[in-house]
Amino acid sequence: MAKGSAIILVALGVAVAGVCWAVTHGPSRPALSPDGRATTDPLHDALDDLAGGDFRAAERAGEAIASHGVMPRPRAWLIVAASRYRQQRYGAAIEAYRNYLSGCDSPTMRRYVTQRINDCRAASAPAPHRVPSEQLSPERLAALAEVDDVVHAESTDHFVIRSRNYDLSKLLGAEAEAALRRICQDLLDGRAFPHSVDIYVWRDRREYLNNASALAPEWSDGSFSVMHDDGLVTWRIDLTQLDADGGFSTRMLDRVLPHELCHLVLKDLFGDAPCPLAVNEGVAMLAEARCDPQRLVLAGAAVAGRRGIPLAKLLILPAEQVDGNEDLFYAEALSFLEFLRGRMTGGEFRGFLEHIKSGSTVPEAVERAMGIPADNDAPLMPALTTAWEDYAIAQSQMLRALER
Ligand SMILES: [Zn+2]
């Protein structure tokens with residue numbers, strides 16, 4: 001058995017033992033039949049189902065006991081939560097733990113359940129993305145740097161790609177569809193993206209800047225735009241085929257394409273509602289197939305040296321105030337969003353974005369998405385800032401240690 005599997009089995013064993021302890025913790029009532037004789041406690045039957053691996057039966061029984069119309073027993077929410085955890089339904093498990101917490105006064109039990117909620121969040125952390133350029137041979141990469149005289153158009157379900165390399169148009173069609181599926185799964189819970197997107201691939205940065213949207217920043221080599229013209233809406237992405245050395249830009253394939261695509265999905269999600277720039281850019285960077293460790297190192301070093309943009313400012317900074325400070329802004333936005341995403345289930349993260357769309361500030365959206373009760377005496381922003389800064393510094397130190 002692989003070492004990882006053994007650790008998981010031990011962890012699951014500990015989890016079931018923990019639930020047994022938690023459920024049976026405190027005085028228990030023997031169940032009585034109508035004639036007063038002791039009978040089997042349904043709570044113990046549900047625990048037996050859980051220990052025996054019949055998680056659906058344990059969940060059903062736990063729910064019935066916890067929300068019984070005459071004599072509800074809230075401890076059974078712990079069985080429901082553990083059953084859902086074992087079925088890898090982590091968001092639903094957190095819901096059950098919260099149901100239990102809402103009526104729990106014991107500090108010991110609150111600590112135990114809070115730890116279990118954190119375990120659920122950690123278990124539902126997103127898997128690392130597949131990196132498209134790592135699937136390509138050196139020969140194919142070299143051929144992708146060739147630029148023909150004619151444009152090759154490729155149509156897929158959601159994209160029309162135009163580049164001057166036949167293989168590149170085909171490749172981008174497949175990779176754009178794969179990235180869109182992944183992003184829609186993460187941000188829209190699988191809801192389909194309803195638009196068709198034109199993708200234009202330009203030879204180099206000069207050609208890109210001459211042809212992309214006038215809003216494309218001078219330093220960029222990829223951008224998105226949504227143009228309205230006479231009732232017609234055009235969703236568009238502009239990309240650059242070659243890097244500064246004249247080779248095929250793997251950065252375009254692995255990072256810029258999913259990044260710009262994610263901006264379009266966020267645009268579809270938010271409509272005309274504003275999304276803070278740091279959230280918009282941070283989420284788009286999380287969609288990239290390869291996370292840039294240099295950004296995370298920069299963010300941590302800036303925070304440690306008190307040279308960073310303070311979090312409260314970062315989260316409301318408009319685009320015009322980012323000019324000249326792009327590297328630090330992008331680094332901190334990535335670090336903060338990566339920190340948040342790692343502490344939320346997929347459902348909580350989608351809830352976080354929905355709350356922002358409805359007008360919540362970032363700290364309010366965090367509170368609401370994670371079910372943290374608002375406390376006017378202890379506002380979340382200072383605690384959130386400290387937690388993120390500690391994380392950014394530790395992560396930067398770890399990445400630098402790995403580089404050595
Ligand atoms: Zn961006």
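The legends below walk through several close-up views of this predicted model. Residues are numbered from 1 along each chain as its sequence is written. Because the model is predicted, local features need pLDDT of at least 70 and side-chain atom pairs count only at pLDDT 80 or more, while totals for chains, interfaces and linings use all residues.

View 1. The strands follow the order 1-2-3-5-4, and their pairing is mixed; two strands count as paired if DSSP finds at least two bridges between them. Helices (H or I, at least four residues) and strands (E, at least two) are DSSP runs, numbered from the N terminus. Strand 1 (152-155) and strand 4 (222-229) are the edge strands, each pairing on one side only. On average, neighbouring strands of this sheet are turned by 20° against each other, direction ignored. Axes here are lines fitted to C-alpha atoms, for helices over the stretch in contact, with angles from 0 to 180 degrees between N-to-C directions.

**View 2. Strand pairing, bridge by bridge.** Strand 2 (residues 159-163) and strand 3 run parallel and are joined by 4 bridges, with Arg 162 opposite Tyr 200 in strand 3. Tyr 200 also stands opposite Asp 238 in strand 5, where strand 3 and strand 5 (residues 232-240) pair in the parallel sense over 6 bridges. Strand 4 and strand 5 pair in the antiparallel sense over 8 bridges; look here for Phe 224 and its bridge partner in strand 5, Ile 237.

**View 3. Helices on the sheet.** Helix 8 packs on the sheet and touches strand 1, strand 2 and strand 3, its direction making about 150° with that of strand 2. Contact means that the C-beta atoms of two residues, placed from the backbone, lie within 7 Å. Strand 2, helix 8 and strand 3 make a left-handed β-α-β unit; a right-handed crossover would run clockwise from the first strand over the helix to the second, with the strands pointing away from the viewer. Helix 10 (residues 250-270) lies across strand 3, strand 4 and strand 5, at about 30° to strand 4.

**View 4. The largest nonpolar core.** Of its 71 residues, Ile 199, Leu 257, Leu 261, Ala 333 and Phe 336 touch the most other members. Domain 2 (127-270) and domain 3 (273-404) both give residues to this core, so it lies between them; the domain bounds come from an automatic or database domain assignment. Such a core is a set of buried Ala, Val, Leu, Ile, Met, Phe, Trp, Tyr and Cys residues joined through C-beta atoms within 7 Å. A residue is buried if 20 or more other C-beta atoms lie within 10 Å of its own, exposed if 12 or fewer, and partly exposed in between, with C-beta atoms placed from the backbone. Leaving aside residues up to four places away in sequence, Leu 261 touches Ala 176, Ala 179, Leu 180, Ile 183 and Ile 237.

**View 5. Helix 11 (residues 277-286) and its surroundings.** Among the buried residues are Asn 280, Glu 281 and Gly 282. The buried residues pack against helix 10, helix 13 (311-314), helix 14 (326-341), helix 15 (346-357) and helix 16 (362-370).

**View 6. A loop residue with positive phi.** Asp 189 is found in the loop between helix 8 (166-188) and strand 3 (197-202). Its phi is near 55°, a positive value in a residue other than glycine. Asp 189 is exposed, with 10 other C-beta atoms within 10 Å.
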